Amino acid sequence: MTYAYFPGCTLKTKAVDLDRWGRESMEALGITLEELPQWQCCGAVYPLAKDEIASRLSAVRALMAARDQGTPLVTLCSACHHVIKRANCDIAEDETFRSRANAYLSPETPYSGEAQVLHYLEVLRDVVGFDNLSRQVKNPLTGVKIGAYYGCLLLRPSRQMAFDDPENPTILEDFLRAIGAQPVIYAQRNECCGGYVTLENQGFARSRAAAVADNAAAQGAQMLTTACPLCLYNLQQGGSLKTVYFTELLAQALGLKEGAL
Amino acid sequence: MTDWSSRVQEISGVNPRKCMKCGKCTAACPAYDQMEYHPHQFVDMVQTGRVEELMASKGIYTCLSCFACVERCPRNVQPSSIIEAVRLAVIRRQGGNHRKPDEIPALLNEELPQQAITSALRKYSKGG
Amino acid sequence: MQRIGVFVCWCGSNIAATVDVEKVARVLSQEPGVVYSTDYQYMCSQAGQEMIQEAIREHRLTGVVICSCSPRMHEATFRKTVEKAGLNPYLLEIANIREHCSWIHKDKLTATEKAVILGRAAIAKVQLNAPLTAGKSPVTKRALVIGGGIAGIQTALDIAEAGFPVDIVEKKPTIGGKMTQIDKTFPTLDCAACILTPKMVDAAQNENIDILSYAQVEKIQGFVGNFTVTIRKKARYVDENKCTGCGLCTEKCPQKKIPNEFNLGLDNRRAIYIPFAQAVPKVATIDPNHCAMLQKGKCGVCAKVCTAGAIDYKQQDQLITREYGAIVAATGFEPISMDKFDEFAYSQSPDVVTSLEFERLMNAAGPTGGTLLRPSDGTHPHTLVFVQCVGSRCDGGEKGKSYCSKICCMYTAKHAMLTREKYPDTEVYVFYIDVRTPGKSFDEFYRRAVEEYGVHYIKGMVGKVTPQDGKLKVQASDLLGGRQLHIDADMVILAAAIEPDKSARPLATMLTASMDTNDFFTEAHPKLRPVESPTAGVFLSGACQGPKDIPETVAQASAAAAKVIGLLVKDSLTCNPCTAQPDELMCNGCSSCEKVCPYGAITYADKPFRGPNRTTRIRRVAQVNPAVCQGCGACTVACPSGAMDLLGFSNKQIMAEVDAICR
């Protein structure tokens, strides 16, 4: 099985671990992630303004390419997923945006949201299956207490993201169970890490990350895992717990990545 | 004279009259201490036409766009879209950029992911 | 030759402001058969009615068309009017030019044109109306109350007091409903059990009342005065007549870890149980999902210890069929699930509870014997945070309800006050959006909580609860104080919205009773018929019709009983004469109509028909029992040969109306 894949800028530079172990693990699970040809930056932030058309176009371009290939579009970075998924909802629901985006890009077949956007975790849950995944685990992470850190972008706003319960998500915990680890539930797992504000106001971002990590640690977590490079950065800067990408844990459990946690 | 209130409602697509003034947005806001005006005040002040005070506030650059206010609002008001629209109303003005692109490198460090840089450009300047 | 009179009502300015009533009367006077046409300010007034009667006599009218409000409002009034003037009441037609026209249009020209068209259709129909005579149907003098909470109990008691037999069907093993779980009642703070349990006992002892507990309605047939209801009495594996309620079995049963529904899972019960000490009937029930004997065929402890020999592992569900004249829905409410509101960490910490759970934690018969203790560690809580409007007043979507749940402001004030009274060392915060206290002595009660008991009422909402280090870190807004609050609380209590009980929707389907989008039963008229369903013979009692507190529930329960009694005292009811009528010559006996008839009004008879050459053929043809037929018209559409017609709404009449509209 082959899916179209949108890695995003950060995964090509600072977050190569998220990308590399994600691809290799998926390959081992029987699914090839084929990078979209000539993809462009998703824009990193979803424009909340109704009249911002241009900044949503690169996402539409990626969606169109996936539609033309006839496969779902898989993302890995939370920010890319957020932007692309919401742009897809917009083009399906907002007529003004749809007609203007199509007018700019003038594709052979107009695009109106036909592509399916899947986050890597959704592929694990819904295509591979967590039961099936747990059977393929070679090095279970037995006894490791891990706090899943969701952050904001995967979950909210839930009406568009439709990823998991925005206040009580389970997908990362189910993933952690499948690879043999022990998920730790803590309330701050869906509170902001400080986001891009880290650039201007490091102190504030660090206090956010600390609140997240302290809560996880107090509930018994030994480490944190995330799907977002910016979350990882902020948690590493301000948090007291080791933080890794979930694909690293996956690769380790599947026996693809060596080394201790 | 620009009718900023209508402008902000237009850009954001938000109808501030849907607000029932429960303050859950402000209760959920993780950036509360960093902002002079808080999510419920943005909604209220846009409704009552006090947008210029909001435009002059620094808090528009510390909203994290975490969408906690959007998710938890019982009335589906979407305060974060209002805050974003106020921010855009500022940076779209001539010389209104909060940060010029050439100021950005000084803020960077080795580890910072590209995602943060692009986000900041988008949030702080016109057409970043 | 028809002589039709047309009467156009202004309804003050309700119609006349948007419809040129004089013009309507003038234009309609030109319609074929119309001999008299006029307009008047209030047709339903005494003077208006007399004017109609005078016109009938003076112009020897054979049919009357009144252009006015909806027939739901005044059809009965005007039928009586024309009848008194000697005209058959079914020679009257109403054109609804208010709800269907003036109220929904703004442009006077358009509205006037539409009013003329509606009037024209009514004239075309009335030309074909035939005089009809209503028959009579008997009334079964027994009532059914579905739901045995305080609403159902009060309704049943009042009906029984009037001398009519009444059955209560309750799905739980005991009657009493939600009120049994409540500790104290606002605003008087009297103990709920002290005022409820005597009523439960009264119900049990009243010889006119039959309590069918652990039972549910399976099927409802018939119509007002003549319902046939099938009730499933679930097997409780205990003989109700033998069990003395001694409770020995409930102490000896080895299955100890079953969440106790009565205490909302805050403690455990056995597989054989009596929900609480004052249960009615006070008999044990075996939970078949957890009983080792019923699951694996091994155990039998309860049978061994029962001196009355009441245990019967072979007991089966029983189907009971009974006849009723009236049915009362009293299915009550449930707090909504907190699943979608985990920003308050309900699923993450046992110290976050709903208000109903808090009732149990304050109740002397509850899991802690009435001492308020934190569920997580059994310690005394010092800081309590109450959150109001959890899931109420939400803007659509799957999350929450659009309505105000009405009771939460008052019970929260009660909880806060009782907590401060019993435990003066506590700090109690109440986060509110609005405090709504419209009721006798309600606002005074709330003010007492603030002024005398020192409860901290804070205008604002809680945005996040983070369990950490044995505390609940509450992040909230204080809108009047202009700050974000961070409170380290020991307990958080959520005032969950209430919604109709899940059994209401299937029941409404069985009753053909209408519901609103929230699954509350709809009343026949929101102001003037608040305890009747639009379905004749079906009445509404308590929170199944909308959120209500106890006094309102009891008031409505008694009102519903009064309506039931008013029905049951009648020996017979006037039937609707607009019933189905088959044309036997066209009927081919296919049974299509019989299958769709919801009232069982259609049967078949073999009848002789004259064939060619003086032969006689026996054919199977449909017969309608006009006493049973409710005139719904389902059969007329189902009939493939067009043999079935509805008196008063014949295919010809309907087509004449359509033709008139399309002219």
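Predicted model: local features only at pLDDT ≥ 70, side-chain atom pairs only at ≥ 80, totals over all residues.
Me: Which residue of chain B forms a salt bridge with A:Asp51?
Reply: Across the interface of chain A and chain B there are 6 salt bridges, along with 18 residue pairs in polar contact. In the bridge made by A:Asp51, the closest N and O atoms are 3.5 Å apart. The cut-off for a salt bridge is 4 Å, so this pair qualifies. The partner is B:Arg7.

Me: Now inside chain A: how far apart do the C-alpha centres of its two domains lie?
Reply: Chain A is split into domain 1, residues 2–120, and domain 2, residues 136–253. Their contact takes 23 residues from domain 1 and 18 residues from domain 2. The C-alpha centres of the two lie 23 Å apart.

Me: Which helix gives the most to the side of domain 1 of chain A that touches domain 2?
Reply: Helices H1 (9–12), H2 (16–28) and H4 (78–93) of chain A each supply at least two residues there. The top contributor among the elements brings 9 residues. That is H4(A).

Me: About how much area do those two domains of chain A bury between them?
Reply: On the domain 1 side, A:Leu18, A:Ser78 and A:His82 supply 27% of the area buried against domain 2. Carbon and sulfur atoms give 69% of the area between the domains. The total is about 1800 Å².

Me: Which residue does A:Arg159 meet in a salt bridge?
Reply: Between the two domains of chain A the count is 1 salt bridge, next to 8 residue pairs in polar contact. The side chain of A:Arg159 comes to 3.4 Å from its partner, N to O. The partner is A:Glu93.

Me: Over in chain B, which three residues of domain 1 lose the most area to domain 2?
Reply: Chain B has domain 1 at 4–96 and domain 2 at 100–128. The two bury about 510 Å² between them, 45% of it on carbon and sulfur atoms. Three residues make up 67% of what the domain 1 side buries. They are B:Tyr61, B:Arg87 and B:Ile91.

Me: What is the N to O distance in the salt bridge of B:Lys123 and B:Glu84?
Reply: The count between the two domains of chain B is 1 salt bridge, and there are 3 residue pairs in polar contact. The side chains of B:Lys123 and B:Glu84 meet at 2.9 Å.

Me: Which residue of chain C does B:Lys24 meet in a salt bridge?
Reply: Chain B and chain C bury about 1500 Å² between them, with 18 residues of chain B in contact with 20 residues of chain C. The interface has 2 salt bridges and 17 residue pairs in polar contact. In the bridge of B:Lys24, N and O are 2.7 Å apart, and the partner is C:Glu343.

Me: Last one: which residue takes a positive phi in the hairpin of S32(C) and S33(C)?
Reply: Strands S32 (602–610) and S33 (616–624) of chain C pair in the antiparallel sense over 9 bridges. C:Tyr604 stands opposite C:Ala622. Among the 5 residues between the strands, the one with a phi near 55° is C:Asn613.

Technical notes. Residues numbered from 1 in each chain as written. Chains lettered and ligands numbered in written order. Heavy atoms only, no water. Domains from an automatic or database assignment. Contact = heavy atoms within 4.5 Å. Buried area = accessible area lost by both parts, 1.4 Å probe. Polar contact = N/O pair within 3.5 Å; in protein donor to acceptor, adjacent residues only side chain to side chain. Helix = DSSP H or I, 4+ residues; strand = E, 2+ residues; numbered from the N terminus. Pairing = 2+ DSSP bridges.
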